[in-house]
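Me: I have a structure open and would like to learn how to read its features one by one. Could you walk me through it?

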Amino acid sequence: MLLVEDNEINQQVAREILEEAGVSVTIAGNGREALAVLEEMRFDGVLMDVQMPEMNGIEATRALRRADRFADLPVIAMTANAMAGDRERCLAAGMNDYVSKPIDPEELFRVLDLWVKTRDRAGGSHGAGVDSAILPVPANQAEAPAEERLRGLSGFDVEEALRRVRGNRELYGRLLRDLAREHGGDARAVNDALAGGDRELAHRLIHTLKGLAGNLSATRLHRAAGELDALVRDPSVGPEERRRALAVLEQRLEEAIATINAALPPLSELQPARKDAPLPADLAAEAAAKIRDAAELGDIGAIRALAESLPQDSRQVDELKRLAAGFDLDGLCRFADELEVQKTTR
Ligand code: MN
């Protein structure tokens, strides 16, 4: 299958689902890349995201249907439920069918069985040859976080999320950590985009976060992102209403990240051999000033964003994140002082 999807976490989840079913997967990051890959390789089918930069799924499908050799290539759209009208547009553009995002493996394989005829499959099967009911759960889960830890995540439908990744707890834990590590500043970034009048950027950020929350079954966060998504897409909605929805999103995001951090040990604990590099002097000085300013304003979001921008192989950065997570403003000021000293002694 050719998987056309711009969001890396969605790519990872879909790839995992397909590969565990024995389906080999090639990934393209947008419609333009997909058309280029289709020129080079043969595929039994295409799974096509709709919203993508450069060239979206609708445009890509129209373009490939213009070529005779792709007339029979099955193209399945992956659409978010809330996107009313998307599905009709997908079918009108020449896609064969659609599955909803976040991807439900059973639905996916049911649709693939309907459309995708595999080549070179032993036993004369003409379907995709995948029986989702008998797929094995991956055996190698040595680093899987303890099951009860995952089960305790409030605001998450862990059962559903584990079904989506076919019981792969290690993958689920990794994706949760990705959310905590990389999306903590999203509400602020949306706020900045809206303040700067860039509704498209705001929409893209929210859309990505919503997709991610859906994949992880972070149900409260997913709902909040969906509500804000709808408001940002509607030009008749006033800024006040958006601000309220954004505040809810920010809250849900903080809750989700706090829950993940409380339930799952940071990877640094799992990888004690990780090297510890002290921050370079100029970076330390700059960071100290920013931390002091932000701590005075009580702006924890700015400190989190700063921590993410620093080299991640430093225990100092871990400490900074820990202090920010605990809203320890005094501790942050002391930390800034230590960085300042480091500047003069190194
Ligand atoms: Mn997308």
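Predicted model: local features only at pLDDT ≥ 70, side-chain atom pairs only at ≥ 80, totals over all residues.

Me: How much space lies in the largest cavity, and how many cavities does a search of the whole structure find?

Reply: The largest cavity holds about 50 Å³ of space. The search finds two cavities of 30 Å³ or more.

Me: How do I read a helix such as α11, starting with what it reaches from its first C-alpha to its last?

Reply: A helix span can be set against the value expected at 1.5 Å a residue. Helix α11 covers residues 219–233, and its 15 residues reach 21 Å, close to the 21 Å expected. For α12, the 25 residues reach 36 Å, close to the expected 36 Å.

Me: Which residues are buried in α11, and where do they fall when seen down the axis?

Reply: Buried here means under 20% relative accessible area. In α11 that applies to Leu-221, Ala-224, Ala-225, Leu-228, Asp-229, Leu-231 and Val-232. Looking down the axis of α11, the buried residues fall within an arc of 165°, so they line one face of the helix. Their packing partners are α8 (169–182), α9 (186–195), α10 (199–215) and α12 (239–263). Helix α12 has buried residues too, among them Arg-242, Leu-249, Thr-259 and Ala-263.

Me: Now the metal. What coordinates the manganese ion?

Reply: The manganese ion is coordinated by Asp-6 (OD), Asp-49 (OD) and Gln-51 (O), at 2.1 to 2.2 Å. Along the sequence these donor residues are spaced D-x42-D-x1-Q. Asp-6 lies in the loop between β1 (2–4) and α1 (8–20), and Asp-49 in strand β3 (residues 46–49), so the pair ties together parts that are 43 residues apart in sequence.

Me: Are Asp-6 and Asp-49 buried or partly exposed?

Reply: Asp-6 counts as partly exposed at 31% relative accessibility, whereas Asp-49, at 3%, counts as buried.

Me: What about open spaces: how much space lies in the second largest pocket, and which residues lie nearest its centre?

Reply: The second largest pocket has about 560 Å³ of space. Of the 34 residues that line this pocket, Asn-10, Thr-208, Lys-210, Gly-211 and Asn-215 lie nearest its centre. Two or more lining residues come from each of α1, β4 (75–80), β5 (97–101), α7 (158–164), α8, α10 and α11.

Me: Finally, how do I read a single residue? Which residues does Asp-178 touch, and which does Asp-97 touch?

Reply: Take the element, then the burial, then the contacts. Asp-178 is in helix α8 and is buried, with a relative accessible area of 12%. Not counting residues up to four places away in sequence, Asp-178 touches Ile-9, Gln-12 and His-183. Asp-97 lies in strand β5 and is buried at 16%. With that sequence exclusion, Asp-97 touches Val-75, Ile-76, Ala-77, Leu-91, Val-111, Leu-114 and Trp-115. The C-alpha atoms of Asp-97 and Val-75 are separated by 7.1 Å, with the two residues 22 apart along the chain.

Key
Residues numbered from 1 in each chain as written. Heavy atoms only, no water. Helix = DSSP H or I, 4+ residues; strand = E, 2+ residues; numbered from the N terminus. Expected span 1.5 Å × (residues − 1). Buried < 20%, exposed > 50% of the residue type's maximum accessible area, 1.4 Å probe, protein only. Arc of directions from axis to C-beta. Contact = heavy atoms within 4.5 Å. Donors = N, O, S within 2.8 Å, 3.2 Å for Na, K, Ca; no water. 1 Å grid on protein atoms, 1.4 Å probe; cavity = no way out; pocket = protein on both sides within 12 Å on 5 of 7 lines; lining within 4 Å. Points joined across faces, edges and corners; volume = space filled by probe spheres on them.
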